[in-house]
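Keep the viewer open as you read.

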Amino acid sequence: MTTKQLTNSLYGWVDERLGLSEIAAFARLKRVPVHAQSFWYYWGGISLFLFLVQCFTGILLLVYYRPGAEAYESVRQITFVMHFGWLIRSAHSWSANLMLFAIFVHMFSVYFMKAYRSPREFGWFSGMALLAIATVFGFSGYLLPMDELSYFATKVGLEIPNAVPFIGPAIATMLRGGAEVTEFTVQRFFALHVVVLPALFLPLLGFHLWLVQKHGNALPPSEEAKHPSDRKSIAFMPGFLVKDLAMWLISLNVLALLASVFPWSLGKQFDALAPAPLGIHPEWYFMSPFEMLKILGTVLPGEMGEIAGLLLFTLGILLWLLIPFYDRNKESGRRARTAHYFGILAVILLLTTTALGYWTIRQ
Amino acid sequence: MNYPFWDIPHLGSGWVIGLIAIYHVMISQFAVGGGLYLPMAERKAMRMKDRAIADAWMAQLVRHSKFFLILTGVFGTVSGVGIWFAIGLTHPEATSTLIHNFVFGWAIEWVFFIIELTTVAVYYYTWNRIDPRLHLTVGWVYAGASAATLIIINGILTFMLTPGDTWIAVAGTGHEASKFWNAFFNPTYWPSLLLRIGVCTSLAGIWALITSSRIDGDQQPALKTSMVRWSVKWLVPSFVATPFLLAWYLFMVPETQRTLLTLGIDTIAGGTFSTVTRIALIIVITSATIVAVAYYLAWRNPADFNLSHAMAVLLLALIATGSGEYAREMLRKPFVIGRWMYSNGVRVPSIARLNTEGYLAHSNWVWTAPDGAATSSYSRGEAIFRGECGSCHTMYGYRSLLRLMNGRDRAGIRNFVVMLHDDKPDSPYHKFMPPMTGTPQDMDDLTEFLNAKVNPPAPSRPKPLLTAQR
C-alpha cells in the first residue's frame, strides 16, 4: 500500500466517523465579504490567536509556578534560572497585552461597522463579556509574580470594588482573602486565573465563534447600501483562511519581536511594610477608568465623588452594551448617527483619559 | 576629546541615528534594487509578444517609476543627509576618521549620487518622449550608478566592523589613507556586499508589490497577476542565498565580536541569548514570514492582493531590515571602529594617556570655570558621564543608568566604575563595553554624579551643569 493510499484510507476511516468532508464542504461554501473595510475582519482572528498563545505559554508557566508564599521565588526561577523561562514568561505577558489591544480594536471595528445590529446582538453581548473576562484575566495575572509593582497595583486596584456602596467591602475582602493583599490573595487570584476564568471564557468563546459562523461577517452600512450583485466576496476556505493565517503569522512576528527584545522584567519582592513606590498605576487597559474616577474625585471630593464616578461609569458601560437595542434599523437614520457619534466620543474619551493618566503619573 | 557632546535625553543619540538610518536603509536599498527592477521590467515588456499586456505593463511602470522617483529622490535623499547630520553630531570622532580615511571614496560616492538623481529624473520624465531603446539605456545607467553607490558605501560600513590588520598597523600614524584599498576591501566586504544586494532585490520586489496592489484586479486581472507574481520572484534569490551568505559573513567577523552572539548582554536568564543573537533570530523569523506571506497572499491570490496585504509585507520587511541594522551595530561593540575606536569615541591607544592625565584634560569643549577656579566633583562627573557613557546610555530613558545602577549605594557605584576602569579580560562587561578611562579622581567624580542621581538626598534638587566651587 502506498503512502497516498494509506493516507486516503485513514482519512476515509476518520471521515466516516467525524464527517470531516461535510465540514470542509461547509467551509468551502461559506463566503466572506471583500470591501474597503475588510482589514477589520482580521482582528477577531488575531485576538483568538493571541489567546491560543496565552494558553500554550500559560500551561508551560504552570509547570514551574508555585502560588502562595513561594510565588515570587518561583517567578524568579522561571525568569532567571529555567532555560528560556524568560522567553515563555515574556511571550505570555506580551500576548496578554496584545490580545487586549486586539480585542479593543475588534470591538470598535464591530461597533463602527454596526455589526451589533439584528441578528447579531448575542455576538455583541458575548464579545463584551469576553472583553470583561479578559480584563479580569489581566488583573488576576498581574498579581501572580508578587513583586513590588504588582503588589501595590493590586492593592490600589482592589480599592475600586471596595468603593461600591454596601457590598463593595465584602467583595474586596473576598477577593483579597482577608483585610490585606497577602499570599492568600495570590492563591485566590491563581485559582481565578487558571480555573474559574478559563471555565467561563472557553464556552463563551465557543458560543461567540458559533455565532460568527451562523450569521457570517457583517457588512458595513456602505456595503449594505449596494446591490447584492455589486458586492464582492471570497470563499472562507482557502481564500480567507489563508489570509487569516498570514495575519496570525504577522502577529507572531510582532510578539516574537517584543518578547525577545523587551523581555518582561521582574521587580523587587514585595514588602507589605514598605511605602508604595512612586508612580504606581494600573495597567494601560484600566488607565482610562482610573483617570476618569480620579478626575471626578477632584470635582466631587469624598465618598460622593467615588459613588458618582462608579455610577457614571456603570451607566456609560450599560449604554455601550445596550447599543443594539437603541440602533436597530439598517437605514442610516438619526439613531444610527447618534450611535456613531457616541462611538467617536467613547474613543476620544478612552484615548485622552489614558494619555492624561500617563501624563499625570510622569509629573 | 575634540568635539562637544550631543546630549539627547530619554531617547539617546544612538537612536537618533538608528531611527533615521532604518528609514533611510528601507528607501536607499530600494533605490539600488528598484534601479535594477525598472529597466529589467521595461525590457521584459518590450519583448512581450502580446502588445495589449505589454502596453499595460508600460503604463504600470510609468506609475511605479513616479512612486520610485518621489520615494528615493526626495525621502531617500533627505534622510541620507539626515544621517550625515546625525552621525556628525553623535559620533564626531568616528565621522572624522571616516572622512579622513575615505575622502576619495566619499567623493566618488557623491559623483554617483549626482548621476543617480539626474538619471532617475530623466528616466521618469522621458517615458514615451524619447526612443524606447534610449529610455531603457537611461534606466541601465541609473542601475549602474545606484549599484556603484552600494559598492562604495559597503566598503566604508564594513570597515567599521573589520578594518583589517593592515590598516590597524598604520592607524594613528597619519598614513591611514595610504591603506585605503586594504581598509575598503576589508574581511567582511564581500559577504556583506552580496547580502546587501540580496536585500536590495528583495526590497525592489516588496516596494513593487505596493504599487502592484493598487492595480484593479477586476478591471485588469492579467496585468495584476503578472505584475504581482513577477515582483514576488524578486524575493527569491535573497531568501535562498541569505543563510549561506550570513554564515560566510559571521565566519569573517573576528572571534572577539562573534562571542557577543553567545554572551548575554542583558544577562537575564539561563538559556538566554545576547541581544544581538535575539535580534538575529528575529531576522530569520521575519524573513521566513515574508516568504510565507508573499507566497500565500501574493503568489497564490494575485488578483485579491490589496494595499493592506502589501503594507503587511512592507511592515515585516521593516522589522527585518531594522533588526539587521541593529544587529550589525551591536556586533561592533565595544567599538565604533573595530579595534581602533571605542563606541564612546575614545581611541584605543589613548587609554593609557587618559588614565594618567585625566579624561577631562583632553575634553576641549568642557566648560571650565574662569580664573582657573576648580569645578565641583558633581559637575566634572556629569561631563565625564556625557563623554564616556552618553553615546550608549541615557540617565532616565533608553539604557537608563538610573535603572541599571538602581539598588547600589555609593560604594557599590564606585566598585562598578572601578570594575569598568580596570576592564579585566574576565569581566562580563569587557566584551561589549568600553573601559572607563581617567584618573582615580575621574572615577570619584563619576561616582559622585551617579550617586547623586541614583541616591538623591531628600528633598532632591536639580543641580546646575557646571558650577565653580566656592
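Two residues are in contact if their C-beta atoms, placed from the backbone, lie within 7 Å. With that rule, residues 24 or more positions apart account for 77% of the contacts in chain B with a separation of 6 or more. For chain A, the corresponding share is 76%.

Some ground rules come next. This is a predicted model, where local features need pLDDT of at least 70 and side-chain atom pairs count only at pLDDT 80 or more, while totals for chains, interfaces and linings use all residues. Residues are numbered from 1 along each chain as its sequence is written, and chains are lettered from A and ligands numbered from 1 in the order in which they are written.

**The two chains**

The table uses two further terms. Helices (H or I, at least four residues) and strands (E, at least two) are DSSP runs, numbered from the N terminus. A residue is buried if 20 or more other C-beta atoms lie within 10 Å of its own, exposed if 12 or fewer, and partly exposed in between, with C-beta atoms placed from the backbone.

| Item | Value |
|---|---|
| Secondary structure of chain A | 16 helices and two strands |
| Secondary structure of chain B | 18 helices and two strands |
| C-alpha span of chain A along its principal axes | about 70 × 65 × 35 Å |
| C-alpha box of chain B along its principal axes | roughly 85 × 45 × 40 Å |
| Buried residues in chain A | 32% of 363 residues |
| Buried residues in chain B | 44% of 470 residues |

**Where the chains meet**

In the interface, 22 residues of chain A are in contact with 23 residues of chain B. On the chain A side, the elements that give two or more residues are α4 (71–80), α5 and α12 (236–261). Helix α12(A) gives the most to this side, with eleven residues. The side of chain A that touches chain B then divides into 15 nonpolar, six polar and one charged.

**Domains of chain A**

Domain bounds come from an automatic or database domain assignment. For chain A, that assignment gives domain 1 (38–278) and domain 2 (281–363). Their C-alpha centres lie 20 Å apart, and 22 residues of domain 1 of chain A are in contact with 15 residues of domain 2 of chain A. On the domain 1 side, α5 (85–112), α6 (121–143), α7 (148–157) and α11 (221–224) of chain A each supply at least two residues. The largest share of that side, six residues, comes from α6(A). By class, the side of domain 1 of chain A that touches domain 2 of chain A has 14 nonpolar, four polar and four charged residues.

What do the buried residues of α7(A) pack against? They pack against α6 and α8 (159–162) of chain A. The buried residues of α7(A) are A:S150, A:Y151, A:F152, A:A153, A:T154 and A:G157.

Because A:M304 has 12 C-beta neighbours inside 10 Å, A:M304 counts as exposed. Its C-alpha atom is separated by 30 Å from that of A:T338, 34 residues apart along the chain.

**Domains and a helix pair in chain B**

Chain B is divided into domain 1 (13–342) and domain 2 (349–454). Taken over C-alpha atoms, 38 Å separate the centres of these two domains. Their contact takes twelve residues from domain 1 of chain B and ten residues from domain 2 of chain B. Helix α1 (residues 13–47) of chain B gives the most to the domain 1 side, with three residues. That side has six nonpolar, five polar and one charged residues.Helix α1(B) also meets helix α8 (residues 189–213) of chain B: their axes come within 7 Å and cross at roughly 80°. Axes here are lines fitted to C-alpha atoms, for helices over the stretch in contact, and angles run from 0 to 180 degrees between N-to-C directions. Angles under 35 degrees count as roughly parallel, over 145 as roughly antiparallel, 65 to 115 as roughly perpendicular and the rest as oblique. The helices α1(B) and α8(B) are therefore roughly perpendicular to each other. Residues making the contact include B:M26, B:F30 and B:Y37 of α1(B), along with B:R196, B:L203 and B:W207 of α8(B). The residues of this contact divide into eleven nonpolar, four polar and one charged.

Key: Ala, Val, Leu, Ile, Met, Phe, Trp, Tyr, Cys and Pro count as nonpolar, Asp, Glu, Lys and Arg as charged, and the others, Gly among them, as polar.
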